[in-house]
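This report describes where nonpolar residues gather and how aromatic rings pair. The structure comes first, and the description follows.

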Amino acid sequence: MEFENIIVEAEEGIQYITINRPSKLNALNKATIKELHEAFKDAETDKEIKVVIISGSGEKAFIAGADISEFADFSTEEGRQLSAEGHDILFDYVENFPKPVIAAINGFALGGGLELAMAAHFRIASENAKMGLPEVSLGLIPGYGGTQRLSQLVGKGRAMEMIMTAGMIDANQALQYNLVNHVTPQEELIEFAEKIAEKIMNNSMVAISAAIKAINANFEKSVDGFEIEIKEFGKAFGTEDFKEGTSAFLNKRKADFPGK
Ligand code: COA
């Protein structure tokens, strides 16, 4: 598929997905959300792809939020649908994506931008990054999972303050809040993300998918995360990756996982 709003490149097991509307600070319009969905779908089915790194083009923004010009005259029903569809095709999809998704936050990550970064499995920020959920300054609330995921990551009190004040925090404060795992100079951001991706790719991708499922289960009210862990742990014993991983360890050699 041809993309107009994103750039998709693959190299050595990594799919780089870059939002590319720099003149609009990479704001997420509906078309971009659809393209992101397609790009993630391609990454899911492509056996060569093991890790996804998502970032924004230019030096100023990761994503400066949902595209405000697109929903300025929406009705309540259109607003509800915008949120529901976004959850469905992108934000929940990314959170439950079976391959690791790393958000490399290279500048402003606001509103839907921070929400997408929070849906990713973990985040790395460049020193110039600024993060916030400013929706209440527009008479809205976060609608792509922000009220839930920000609380999970930074705790309820900090999420309340960030959302109520509509303020931004810088990369170091985000690090202190556990919103991001690492902060790097901007020019080293992607390289840093790649180093982590490489470490991940040494391991069993089948086991990693199972771990994503089990970790995410902790945040779902309707399921017991411990039960999911027990089930996924058991299932792992039936995989070829398990046979290879244990045999490599016992024979003192490096594992070469078949990914099955
Ligand atoms: N939706 C639509 N357009 C956006 C946008 C968004 N969320 N964020 C930035 N843009 C556009 C601006 O309208 C401007 O377009 P123009 O040049 O055609 O006028 C362009 O991107 C550059 O933004 P600008 O505001 O001029 O840059 P700045 O450096 O002065 O300010 C921000 C940067 C991020 C502080 C500011 O753009 C901003 O507050 N954006 C909105 C953030 C927001 O509320 N997001 C949540 C949406 S729910």
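## Nonpolar cores

The largest nonpolar core has 50 residues, and L36, F40, L90, I105, M131, L150 and L179 touch the most other members. Helix 3 (residues 76-95) gives this core its largest share, six residues. A second, separate core holds 17 residues, including Y16, A104, I196 and M205. A nonpolar core is a set of buried Ala, Val, Leu, Ile, Met, Phe, Trp, Tyr and Cys residues joined through side-chain atoms within 4.5 Å. Buried means under 20% relative accessible area, exposed over 50%, and partly exposed in between (1.4 Å probe, protein chains only).

This is a predicted model, in which local features need pLDDT of at least 70, side-chain atom pairs count only at pLDDT 80 or more, and totals for chains, interfaces and linings use all residues. Residues are numbered from 1 along each chain as its sequence is written, and side-chain values use heavy atoms, with hydrogens and water left out.

## Helix 4

Helix 4 (residues 112-119) is largely enclosed by the rest of the structure, because eight of its eight residues are buried. Among them are G112, L114 and M118. Helices (H or I, at least four residues) and strands (E, at least two) are DSSP runs, numbered from the N terminus.

## Aromatic pairs

The whole structure has five aromatic pairs. Rings of Phe, Tyr and Trp (its six-membered ring) pair if their centres lie within 6.5 Å; planes under 30 degrees apart count as stacked, over 60 as edge-to-face and the rest as tilted. The ring centres of F40 and F97 are 5.2 Å apart with planes at 80 degrees, so this pair is edge-to-face.
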